Amino acid sequence: MDFSLTEESDAIFDMARAFGAEHIAPFARAWEAQGTIPKELWGKLSELGFGGLYVREESGGAGLSRLDATLIFEALSMACPSVAAFLSIHNMCAAMIDKFGSDQMRADLLPRVVSLECFMSYCLTEPGSGSDAAALKTRATRDNAGYVLNGTKAFISGAGYSDGYIVMARTGEHGPRGISALVVMDGAQGLSFGGLEDKMGWRSQPTRQVQFDDCHVGADALLGEEGHGFRYAMAGLDGGRLNIAACSLGGAQAALNATLAYMGERHAFGQSIDQFQALQFRLADMEIEMQAARVFLRQAAWKLDQGAPDATKFCAMAKKFVTEAGSRVADQCLQLHGGYGYLGDYGIEKLVRDLRVHQILEGTNEIMRLIVARQMLAAR
């Protein structure tokens, strides 16, 4: 059993971390205040091949493993979890187009998606269907020209910002088998957006409702086959859960690194606070939890890469464990900073806010428990 990363994987991590330190970290607080990320950033990331991380090489992508992708999102999240998670959403969409799109869709759309010229968002959740995603009500009705969409999606990162949207809509019966996936491009007739959501974290990602009012798209907007959309959505979420866990890991590591530096500089009762044994115990506990989370995440990513039959279970377990560990570590780091941790200048409170949502999206951690328990019972 080999737990070491390859030289190539180490190089990928170092490249992403260096990019984040130069091009993201110095501006992350300003982007949060502005509520948006400049699109010029995506052009720089596309030069590294980060617009199609696990799109096949023959389709123009980087063709990386899911394990290598988690390293990239961990590294980028050390600069800003909000930016890294936004890029993860785009990459999930790119992989869906590569895997399930028609030859025409791959030829016409995928090159622009991989180059990040066309930034993509993912539209599954609705105001009345969060964890019960298969109960979605947005409907796509066939007509002579293609489909007409009606309905509303909620909590959509990039709504009104992105260039295209993968939309899960009902084309048939109630339940998961009646759901299809369609690609709706910005500017489509009948596509509009709600007001900007005021969020606790991920504030640099513009988040709105996406509204479809007799929104017309062509027949070529269908991704894959009718009635298979929910399966496509769930397949994409396995990797998405790993990426969000990686974002928690990177954000928590950034908080821990900052805390180690701060504790060496901050003095109380005649010595630096890193010399108090009680605080050393807390540092050790955080390091242990971080290393356990890192090994668990990489094991789950390896299983997904290998197509292991229990990969979905391990992705769910890793997502639950790592996102909760990341939030605990970031919160402890805030505590060890004392009052300074509560101030924006030190960056810790932003990490606490950004990481909190990771326990909710890509399937809540309650749903992760449900997935694990059901697979345990099925194997009994």
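**Exercise 1. Determine which secondary-structure element of this predicted model holds Asp 354, and whether Asp 354 is buried or exposed.**

Solution. Step 1: Asp 354 belongs to helix H11, which spans residues 348-356. Step 2: the relative accessibility of Asp 354 is 0%. Step 3: a residue is called buried under 20% relative accessible area; Asp 354 is therefore buried.

**Exercise 2. Describe the surroundings of the Asp 354 side chain: which polar contact does it make with another side chain, and which backbone nitrogen does it reach?**

Solution. Step 1: the side chains of Asp 354 and Lys 350 form a polar contact of 2.6 Å. Step 2: at 2.7 Å, the Asp 354 side chain also reaches the backbone nitrogen of Trp 202. Step 3: with residues up to four places away in sequence set aside, Asp 354 touches Glu 32, Pro 81, Ser 82, Gly 201, Trp 202 and Arg 203.

**Exercise 3. Locate His 358 and state whether His 358 is buried or exposed.**

Solution. Step 1: His 358 sits in the loop between H11 and helix H12 (365-378). Step 2: His 358 has 0% relative accessibility, so this residue counts as buried.

**Exercise 4. Identify the residue whose side chain is joined to that of His 358 by a polar contact, then list what else surrounds His 358.**

Solution. Step 1: the polar contact links His 358 to the side chain of Ser 248 at 2.7 Å. Step 2: beyond its neighbours within four places in sequence, His 358 is in contact with residues including Pro 81, Trp 202, Ile 244, Cys 247, Lys 319, Thr 323 and Asn 365. Step 3: Arg 241 lies 117 residues from His 358 along the chain, with 9.0 Å between their C-alpha atoms.

How values were computed. Residues are numbered from 1 along each chain as its sequence is written. This is a predicted model: local features need pLDDT of at least 70, side-chain atom pairs count only at pLDDT 80 or more; totals for chains, interfaces and linings use all residues. Side-chain values use heavy atoms; hydrogens and water are left out. Helices (H or I, at least four residues) and strands (E, at least two) are DSSP runs, numbered from the N terminus. Buried means under 20% relative accessible area, exposed over 50%, partly exposed in between (1.4 Å probe, protein chains only). A polar contact is a pair of N or O atoms within 3.5 Å; within protein, one must be able to donate a hydrogen and the other to accept it, and residues adjacent in sequence count only if both atoms are side-chain atoms. Contact means heavy atoms within 4.5 Å.
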